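Here is a short report for a first look at this protein. Please keep the sequence and the structure in view while reading.

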Amino acid sequence: MPVFDYDPPERFVAGAVGQPGSRAFFLQARGQGRLTTVGLEKFQVAALADRLDELLDEVLRRSGGTVPVPAVAPASLTDNAPLDVPISEDFRVGTMALAWDADAAQVIIEAQEVVVEDEEADDSPVAEPTVLRVHISPGAARAFTKRALALVAAGRPPCPLCGQPLDPEGHICVRLNGYRGGDVTSAGGGE
């Protein structure tokens, strides 16, 4: 099982390429002269950011404030730069895991490659998945979360009537019984 291990990385960010509605999402780790880029879905970025915040809040709560976990992302760790190039996907993420290393006071994030099992080859061993493992400080984790949540929120705006994403070329709203209607962005009633 190949493991891309960064302990700690110089940079660990979530990013996207493309226009809202057709963006490709990535996690990218850089350090020790290496760059690892893995592809994942938008909902995986959102879930990772949410769970990371929950993990840090729980560590802070259980430690009674003795562990140096910032409540918000430190401004000095803010990273709004684009993804490093070249953006070459090393693998596609299937499973992710989070852990807290109490001895090092670090968060460990693992992103594991999707492994497709071949139903026809019952006797052949299943290939070991590739793993991206990143060890980051609580402050860097809060900064990652802030960027990831902003990235997810920067997509297409939701329809005020049905909540589905609005497309630039129009929106068929289920609340309007399939009609496109006029301007669905003004959800006020009217005659």
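## A first pair

Which residue stands opposite F4 in strand 7? The residue is L132. Four bridges join strand 1 to strand 7 (residues 131-136), and the two run parallel. Two strands pair if DSSP finds at least two bridges between them.

## Ground rules

This is a predicted model: local features need pLDDT of at least 70, side-chain atom pairs count only at pLDDT 80 or more, and totals for chains, interfaces and linings use all residues. Residues are numbered from 1 along each chain as its sequence is written, and side-chain values use heavy atoms, with hydrogens and water left out.

## Overall build

The protein has two helices and seven strands. Along the sequence they follow the pattern β-β-β-β-α-β-β-β-α. Helices (H or I, at least four residues) and strands (E, at least two) are DSSP runs, numbered from the N terminus.

Of the 191 residues, 34% count as buried. Buried means under 20% relative accessible area, exposed over 50%, and partly exposed in between (1.4 Å probe, protein chains only).

Angles run from 0 to 180 degrees between N-to-C directions, and axes are lines fitted to C-alpha atoms, for helices over the stretch in contact.

## Helices on the sheet

Contact means heavy atoms within 4.5 Å.

## Helix against helix

Helix 1 (residues 42-63) and helix 2 (residues 138-153) pack at about 145°, with axes 9 Å apart. The residues of this contact divide into 13 nonpolar, one polar and five charged. Ala, Val, Leu, Ile, Met, Phe, Trp, Tyr, Cys and Pro count as nonpolar, Asp, Glu, Lys and Arg as charged, and the others, Gly among them, as polar.

Why does T145 count as buried? Because its relative accessibility is 1%. T145 sits in helix 2. T145 touches A49, L52 and D53, not counting residues up to four places away in sequence.
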